[in-house]
Amino acid sequence: MAVGMKRNGKFFAVTLCVVFMCGCGSAEKSPTATAKENFATEQSESEKASIKIPAAPSEISTDSEAPFAKRTELSAEECKFFTNFIQEVENYGFLLSDYDTPHDVHLDPVFYIGAGIGEEIPKEDLPRYLAATGQEELMTDCLKLPRQSIEDFLQRKLGIGLRDIHTPFEWLYLSEFDSYYHEAGDTNYFLFSCTEGSRQENIYTLRFTPEEDWGSLLSGCETVLIKTEGEYRFVSNHFLTE
């Protein structure tokens, strides 16, 4: 995969949502926005109980005297595994925003190049998209993500759905195709390496460092993952300052 990037500054990753994601605008109210207005009353107790991810790293016990909470440092081989894991196109975007809980992840950098589920806008969708955006033609690449594909992806990666995300998702939504669309002329694909980490039961606390080519643009970060049913879900991510 080609790796390209406009190098705009030290903390580029933090501001990707603002810089790269607000080009399209929404011509109609998305189901995400509608659902959020009624989320507090619509979500059943059983739905709330189904979310098992810790709300924040502070809720993860670090009491080394408790057998169930014993913390084990990761081996070099395990760090290599997580390096390969985070370099997958569906995972690296979760390191590009700072969040305490899965609900606060910024989806724009996660989906910027499709996260492995995006597709080029089909010809049959193009006239409606151009009408919604007021354009005569596409000036750059445009991705389409069906809403159900996003929902399935978020359940795998975060354990929650689209309506549970608290941060704005700025992609254009077209109800007749039940899909989100976004134009992007560049890529935000970054390479990170796992330099160290530890495991506490099924909770992994990992340190990631941008590889050499990206060190001047990005900060390292500390990421918490939880392993459940063979999947690694993102719990939190925090940028590290010098």
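## Getting oriented

Among contacts in the protein between residues at least 6 apart in sequence, what share join residues at least 24 apart? The share is 69%. This value, like the others here, comes from a predicted model.

The protein has 242 residues, and buried residues make up 45% of them. Its secondary structure comes to 7 helices and 9 strands.

Let us start with helix α4, which covers residues 76-86. Its buried residues are Cys79, Phe82, Thr83, Phe85 and Ile86. Looking down the axis of α4, you would find these buried residues within an arc of 160°, so they line one face of the helix.

What do the buried residues of α4 pack against? Their partners are the strands β6 (192-200), β7 (203-210), β8 (221-228) and β9 (231-239). On the face turned away from the buried side, α4 carries the exposed residues Glu77 and Lys80.

## The largest pocket

Next comes the largest pocket, which holds about 240 Å³ of space. Its lining is made by Tyr112, Ile113, Glu120, Ile121, Leu138, Asp141, Cys142, Leu143, His182, Ala184, Asp186 and Thr187. Sorted by class, the lining has 7 nonpolar, 2 polar and 3 charged residues.

Which strands each supply at least two residues of this lining? They are β3 (141-146) and β5 (179-184). The largest share, 3 residues, comes from β3.

## A closer look at Asp141

One of the lining residues of the largest pocket is Asp141, and its place is in strand β3. Is Asp141 buried or exposed? Asp141 has a relative accessible area of 59%. Since exposed means over 50%, Asp141 counts as exposed.

Leaving out residues up to four places away in sequence, Asp141 touches His182, Glu183 and Ala184. Asp141 and Gly185 are 44 residues apart along the chain, yet their C-alpha atoms are separated by 6.1 Å.

## Salt bridges

How many salt bridges does a search of the whole structure find? The search finds 7, and three of them are described here.

In one of the salt bridges, Lys157 pairs with Glu90, and the closest N and O atoms are 2.8 Å apart. Lys157 lies in helix α7 (residues 147-157) and Glu90 in the loop between α4 and α5 (107-111), so the pair ties together parts that are 67 residues apart in sequence. Lys157 counts as buried at 1% relative accessibility, while Glu90 counts as partly exposed at 21%.

Another salt bridge joins the side chains of Glu151 and Arg147, at 3.9 Å from N to O. Both residues lie in helix α7, 4 residues apart, which is about one turn of the helix. Buried means under 20%, so Glu151, at 19% relative accessibility, counts as buried. Arg147 has a relative accessible area of 23% and is partly exposed.

Arg207 also forms a salt bridge, this time with Glu222, and the closest N and O atoms are 2.9 Å apart. The pair links distant parts of the chain, with Arg207 in strand β7 and Glu222 in strand β8, 15 residues apart. Both partners are partly exposed: Arg207 has a relative accessible area of 32%, and Glu222 has 27%. Salt bridges that share partners also join Glu90, Arg156 and Lys157 into one network.

Most residues other than glycine have a negative phi. Which way does phi of Ala115 go, positive or negative? Phi of Ala115 is positive, near 55°. Ala115 is found in the loop between α5 and β2 (119-120), and this residue is buried, with a relative accessible area of 1%.

Asp178 is not a glycine either, and its phi is positive at about 50°. Asp178 has its place in the loop between β4 (172-174) and β5. With a relative accessible area of 25%, Asp178 is partly exposed.

Definitions and conventions. Residues are numbered from 1 along each chain as its sequence is written. This is a predicted model: local features need pLDDT of at least 70, side-chain atom pairs count only at pLDDT 80 or more; totals for chains, interfaces and linings use all residues. Side-chain values use heavy atoms; hydrogens and water are left out. On a 1 Å grid over the protein atoms alone, a cavity is a set of points where a 1.4 Å probe fits but cannot get out, and a pocket is an open set with protein on both sides within 12 Å along at least five of seven lines; lining residues have an atom within 4 Å of a point. Grid points are joined across faces, edges and corners, and a volume is the space filled by probe spheres set on the points. Ala, Val, Leu, Ile, Met, Phe, Trp, Tyr, Cys and Pro count as nonpolar, Asp, Glu, Lys and Arg as charged, and the others, Gly among them, as polar. Buried means under 20% relative accessible area, exposed over 50%, partly exposed in between (1.4 Å probe, protein chains only). The arc is that of the directions from the helix axis to the C-beta atoms. Contact means heavy atoms within 4.5 Å. A salt bridge is a side-chain nitrogen of Lys or Arg within 4 Å of a carboxyl oxygen of Asp or Glu.
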